[in-house]
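Let's take a walk through this one together. Have the sequence and the 3D view open side by side, and follow along piece by piece.

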Amino acid sequence: MEELGNIAVFLAGWNSEYQTRLINGIIRKAKEANYAISIFTCQAGSEISDKHVLGENKIYSLANLSRFDGVIFATNTIWEKTTKEEIIRRIHHAGIPAVSFEEKVEGLSLIGIDNYKAMREMVEHVDSHGYHPIHFVAANATNEESNIRQKAFEDFVKEKNYSAEDYAVWHGDFSFDSGVQVVDAMEEAGRMPRALCCANDEMALGACNRLKQLGYQVPQDIAVTGFDGSYDTRRYIPGITTVDRPKETLGYTAMQLLLQEIETGKKQKLILTSRVAVDESCGCVLEDKKRVASAIETLYLEKKENEKYTYQIHNMEDEMMECESLEELIFCIRQNIGKFTTEDVYLCLNKSIYYEMTGRGNSILRNRTITRDYENKIYITKLNNEDGMPEFYSFTSEQMFPAMWNGRGSGEYLYMPVHFRDNCLGYMILTGTLDTKHIPNYYVWIRNISNALEKLKNVSELRNAARNIDNMAVRDSLTGVYNRMGINRFVVDMVKQANTSRRRLLFIFADMDGLKKINDEFGHEAGDQAICLAAEALQEAFCEKELIIRYGGDEFLVVSDALSWEQAEEKKAQITALLKQWQRDEKLPYRLSMSIGYYQKEPDTEASMEQYINWADERMYEMKCKNREQRK
C-alpha cells in the first residue's frame with residue numbers, strides 16, 4: 001500500500017490522558033488515510049526545574065519539517081513560551097500546512113472547543129443549585145484556555161451583580177498538587193466557598209482530596225466541579241461533575257482538517273461543542289454503589305499493577321547503575337525493555353556522547369561537558385532483546401530516523417528526549433503500532449535510562465582522562481588513533497609473535513585521495529576535517545582489536561591478527577561507502593575518498609615489520625594509480 005506522506009505531531013505532557021486520547025484520534029484517522037505519524041513529545045511542565053524543561057523541550061528542535069507534509073501542533077500543552085514561539089516560527093518557515101489545538105495561531109488552521117460556552121454552562125449549572133459563594137480555580141495567566149474559562153466565570157459574576165469579594169479567583173497550574181495548595185490557601189485565609197469551579201479535572205481532584213482531609217464533605221459542605229472529562233473523574237469518590245471534552249474526536253478531526261488543507265491549500269477553523277457531564281460532586285447524582293464498587297476494584301487492580309511495574313523499574317535502575325560500559329548498559333536495557341513495551345525501541349546518541357562512552361576520536365570530540373543541541377551526527381542502536389553484540393550505526397540528525405523514510409507503509413513513530421538537565425544526550429524512538437495505554441509509564445523508564453547514561457558518561461570522562469594521559473605519547477592529537485609511536489609499542493610485538501607462532505597478520509595501508517588539493521583550495525582546516533573523517537571511517541569499519549595508526553600526514557595503517565583477505569575487501573567497501581555517504585550528508589565541497597591496499601602475512605612467511613608495511617604500501621599505491629586513471 002502506497003503511503004501518501006508523513007505528519008509531525010508536537011505536544012507535551014504525553015503521559016497525561018488528554019494527550020494520549022488526542023493521539024488515539026490522530027492515529028485512527030491517519031491509518032484510514034494511510035499516513036505515517038511522527039510524534040515529538042516530552043514531559044515538560046511548569047512544576048519542574050528550568051534546566052530540566054530545557055532538556056525536555058529540545059526534542060522539538062529535532063523535527064526536520066522539510067521532510068513532513070504537515071504538522072499537528074497541540075499548542076495548549078506546551079507551557080514554555082519561547083519553545084512554543086520557536087515551533088511556530090519553524091512551521092511558518094517550512095511553509096507546510098499545520099493545525100493548532102485550542103489556541104489561535106496566525107497562519108495555522110484551528111481545531112478546538114468553545115471553552116467560554118462550556119465553562120459558562122458549568123458555572124450557571126452550579127449557581128442553579130443555589131450555592132453561594134462560588135470560587136474559581138484558574139491556571140497561570142500564560143494558558144489561553146484557562147484565561148477563556150476564567151473570563152466566562154468573571155462575566156457571569158458581573159452579569160449577576162454578585163460581590164467580587166464572595167466570588168474569588170484562585171490560581172493553580174493545572175496539576176493535582178496545585179488544587180491541594182489552593183484549598184490550603186483558602187483555609188488559611190478563612191474564605192471557604194460553597195462551591196469551587198476548577199479550570200481542569202486535575203485541580204478539581206486535588207481540591208476534593210484536600211477538602212476531605214480537612215473534614216469537609218463533597219458536595220454536602222462544598223461542591224466541586226472540573227473540566228476535561230478525564231477517566232479519573234468517574235473513578236474518584238465522589239464522581240466529579242465536569243465538562244466532557246471530546247478528546248479523541250478532536251484528534252481525529254484535527255487530522256481531517258490537516259488532510260483537507262494539504263489537498264486544497266485552504267486553512268480552516270472548527271470549534272466543536274462539549275457538554276456538562278453531571279455527577280456526584282455537584283449534588284446532582286446520588287452515590288451509585290455499583291459505580292463506587294467498580295471504582296474501588298479498578299483502583300485496587302491498578303495498585304497491584306503499579307506495584308509490579310515499580311518493582312521492575314527499580315530492578316532495572318539498580319542493574320543499570322552497575323554497568324561500567326555502554327555495551328553493558330545496552331545489554332542490561334535489552335534484558336528489561338520487554339517488561340515495559342511491546343514496540344520496537346531505538347536509542348540515538350549524540351556523536352560526542354557516543355565517542356565519550358566508547359573512547360573513540362580525539363579529546364576534542366569527547367569531553368564536552370554540556371551538549372545542548374542535537375549534533376549533526378547521531379549513533380543509533382536497537383534496544384529490543386536480540387542476540388549478538390550491540391551494534392551502533394551513524395546517520396545525520398536531519399534524517400531523524402532513516403528507517404522512517406526507507407519503507408512506504410503507514411505507521412507511528414514516537415520521539416522522546418534523552419537528557420540530563422539541559423545536557424542533551426540524544427533521544428529514543430518507539431515504532432510500530434503504538435499502544436497508548438503504555439505511554440504513561442514510558443517517562444519513568446526513559447528518565448532512568450537517561451540518568452544511567454549520564455552516570456556512565458561521567459565515568460567515561462574520568463576513564464578517558466586517565467587513558468589520555470597514559471596514551472599521550474602514542475595517540476595522534478588530531479584524530480585520536482595511534483601515531484607512529486604506537487607502532488613501537490604494539491605492532492613490533494605483534495609481528496614478532498606472529499613470526500614465531502607462524503600466524504597470519506593482515507596489514508592494510510590507506511592513503512587519502514587529493515588531500516593537497518583540499519588544502520590548497522579550501523584551506524588546512526578543511527584538510528584537517530577530511531583527515532578526521534577518514535580516521536573516523538576506519539574506526540567505524542574496524543573493531544577495537546584492530547590497531548589503527550596514523551602513519552603519516554594522510555596515511556593510515558591498520559594491523560589485524562583476526563581479519564581474512566575476504567574480510568579486508570568487505571572493510572574496504574564499507575569505508576568507501578561511509579566516505580561517500582558522509583561527503584553527501586555533510587555537504588562537503590570536496591571529494592572524500594581513500595585508496596586502500598593490503599597485504600596478508602601467511603603462516604609460513606617471515607619478514608620484518610617494515611617489509612610487511614612496505615608490501616601493503618605497494619598494494620595501496622597500485623590502487624591509487626587505478627583510482628587516478630578512473631577519475632581521468
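This is a predicted model: local features need pLDDT of at least 70, side-chain atom pairs count only at pLDDT 80 or more; totals for chains, interfaces and linings use all residues.

Residues are numbered from 1 along each chain as its sequence is written, and side-chain values use heavy atoms, with hydrogens and water left out.

pLDDT is the predictor's confidence in each residue, from 0 to 100. The chain averages 87, and 90% of its residues reach 70 or more. Over residues 363-367, though, pLDDT stays under 50. For that stretch the model has 15 contacts beyond four places in sequence, a contact being heavy atoms within 4.5 Å.

Now the open sheet. Helices (H or I, at least four residues) and strands (E, at least two) are DSSP runs, numbered from the N terminus. Two strands count as paired if DSSP finds at least two bridges between them. Here 4 strands line up in the order β7-β6-β8-β9, with parallel pairing. β7 (169-171) and β9 (223-225) sit at the edges, each pairing on one side only. From one strand to the next, the twist averages 20°. Axes are lines fitted to C-alpha atoms, for helices over the stretch in contact, and angles run from 0 to 180 degrees between N-to-C directions.

| Helix | Residues | Strands touched | Angle between directions |
|---|---|---|---|
| α6 | 144-159 | β6 (134-138) and β7 | about 165° with β6 |
| α8 | 201-213 | β6, β8 and β9 | about 160° with β9 |

Let's stay with α8. How far apart are its end C-alpha atoms? They are 18 Å apart, which agrees with the 18 Å that its 13 residues should span at 1.5 Å a residue; the expected span is 1.5 Å times one less than the number of residues. Just past the helix, Gly215 takes a positive phi of about 100°. Buried means under 20% relative accessible area, exposed over 50% and partly exposed in between (1.4 Å probe, protein chains only). Among the buried residues of α8 are Met203, Leu205, Cys208 and Leu211. Their cover includes β6, α7 (176-189), β8, β9, α9 (232-235) and β10 (242-244).

Next, strand β18 (residues 505-512). Is it enclosed or open? 8 of its 8 residues are buried, so β18 is largely enclosed by the rest of the structure. In a regular strand the side chains alternate between the two faces of the sheet. In β18, Leu505, Phe507, Phe509 and Asp511 point one way, and Leu506, Ile508, Ala510 and Met512 point the other. β18 pairs antiparallel with β21 (residues 594-601) over 8 bridges, and Ile508 stands opposite Tyr598 there. With β20 (residues 555-560) β18 also runs antiparallel, joined by 6 bridges; Asp511 has Glu555 as its bridge partner in β20.

Last stop: Gly70, in strand β3 (residues 70-73). Gly70 is buried, with a relative accessible area of 0%. Leaving aside residues up to four places away in sequence, Gly70 touches Asn6, Ile7, Ala8, Ile96, Pro97 and Leu258. Val99 is 29 residues from Gly70 in sequence, with 8.3 Å between their C-alpha atoms.
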